[in-house]
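Open the model in a viewer and keep the selection tool at hand. The tour below goes from stop to stop and says what to select at each.

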Amino acid sequence: MAAMRYEGSSIDPTRPSIARVYDYLLGGKDNYAVDREIGDVFKRDLPGSVAIAFANRAALTRVVREIAKTTGIRQFIDLGSGLPTADNVHQVAQRHAPESRVVYVDIDVQVLVHGRALLEDNDRTRVVAVDVRDPEGIRSHPVTLELIDFSRPVAVIFSAILHHVNDDEDPAGIVRYWRDQVPPGSHFFLSHFRSGDNPETKEAEKVLQQTFGRGRWRTDEEIASLLDGLEILDPGIVPAPLWRPDESGHPWNSGGAGRELTVWEHLIVAAMARKPDSP
Ligand code: SAM
């Protein structure tokens, strides 16, 4: 297991953070000049790449709504939750099932600060600053113990987080840990950078690796292996815009509405999986 030092473990306005660059790309205001500089590399030099962030958020929203509406699950652990200001997991889940409880986990202390402000009046939702590579630390955190009942199905969310975990940090082992902690019927959401073996993938990977030393674009086989032992539900592991698109009217939910997806939209995949009943 890697050392637990991480670039987001304190707020440093002189170094870019993944959470703040992502916030900038989504149009948020919780970022510094240093984050905007990296974000602008994507916007300017890799036009269209911002679609990855929007397509990913839209798929996450559809998944959470689906889980809240159809599975009876009322508890969510969102690993690497980020900073977004609108339509976060708790807002979507509690809109459909107000009793839903949500634990947000992020290494970036700014997410903790932002989350506390956002959640002042919400005693069913909390944020903890723990490294996703320390699943035991998350599982045994007092907030997790208070909000999550591990004898009942849980939704475990890995939305755009495992590509920030390098191979030698065992991303599959992290999913396996959570798979073993939760009962059958629990659901998992995974979204992940998908390698397209094209110039866009290589360039985007280079920018992320140079900036953060992480950002791994995995093949379909590598992504599927992260969900080992889980039953992958329809429509499988697909470009995020194609994960159960709907008619909600928002363009990011329309699955492209009949047009060809862009190269970038193929580079973020989404999947929902279920822990099967014991044999
Ligand atoms: N899950 C959100 C979504 O899909 O919109 C945010 C994704 S953002 C690309 C990745 C988030 O993971 C950032 O907020 C970053 O701080 C967080 N992160 C990166 N590495 C992490 C780690 N080792 N432990 C916990 N959080 C981490």
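Start by selecting P235, which is in the loop between β6 (231-232) and β7 (238-239); helices (H or I, at least four residues) and strands (E, at least two) are DSSP runs, numbered from the N terminus. The peptide bond that joins D234 and P235 is cis, with omega at about 5 degrees. The model is a predicted one, in which local features need pLDDT of at least 70 and side-chain atom pairs count only at pLDDT 80 or more, while totals for chains, interfaces and linings use all residues. Residues are numbered from 1 along each chain as its sequence is written, and side-chain values use heavy atoms, with hydrogens and water left out.

Next select D197, in the loop between β5 (187-193) and α9. D197 is not a glycine, yet its phi is positive, about 50 degrees. Most residues other than glycine have a negative phi, and most peptide bonds are trans.

The whole structure holds two cavities of 30 Å³ or more. On a 1 Å grid over the protein atoms alone, a cavity is a set of points where a 1.4 Å probe fits but cannot get out, and a pocket is an open set with protein on both sides within 12 Å along at least five of seven lines; lining residues have an atom within 4 Å of a point. Grid points are joined across faces, edges and corners, and a volume is the space filled by probe spheres set on the points.

The largest cavity contains about 680 Å³ of space. Select I18, Y22, A160, H163 and H164, the closest to its centre of the 42 residues that line it. Then colour α1, α3 and α9 (199-212), the elements that give two or more residues to this lining. By class, the lining of the largest cavity has 25 nonpolar, nine polar and eight charged residues; Ala, Val, Leu, Ile, Met, Phe, Trp, Tyr, Cys and Pro count as nonpolar, Asp, Glu, Lys and Arg as charged, and the others, Gly among them, as polar.

What sits in the largest cavity? The ligand does, by the test that more than half of its atoms lie within 2 Å of the grid points. α1 (18-25) and α3 are the elements that give two or more residues to the shell around the ligand, and α1 supplies the largest share, three residues. Select the 20 residues that surround the ligand, of which Y22, R57, G80, D106 and S159 are the closest; a residue counts if one of its heavy atoms lies within 4 Å. This shell divides into nine nonpolar, six polar and five charged residues.

Show the polar contacts (pairs of N or O atoms within 3.5 Å):

- R57: a polar side-chain atom lies 2.8 Å from an oxygen atom of the ligand.
- I107: a backbone N or O atom lies 3.2 Å from a nitrogen atom of the ligand.
- V132: a backbone N or O atom lies 2.8 Å from a nitrogen atom of the ligand.

On its own the ligand has 600 Å² of accessible area (Shrake-Rupley method, 1.4 Å probe), and the protein covers 98% of the 600 Å².

Move to the second largest cavity, with a volume of about 90 Å³. Its lining has 14 residues, and G82, P84, N88, Y104 and L118 are the closest to its centre. Helix α5 (residues 109-118) gives the largest share of this lining, four residues.

Finish at the largest pocket, which has a volume of about 350 Å³. Select L26, F54, R57, A86 and D87, the closest to its centre among the 15 lining residues. Helix α3 (residues 51-70) contributes the largest share of the lining, four residues. The lining of the largest pocket comprises six nonpolar, six polar and three charged residues.

Conventions:
A polar contact is a pair of N or O atoms within 3.5 Å; within protein, one must be able to donate a hydrogen and the other to accept it, and residues adjacent in sequence count only if both atoms are side-chain atoms.
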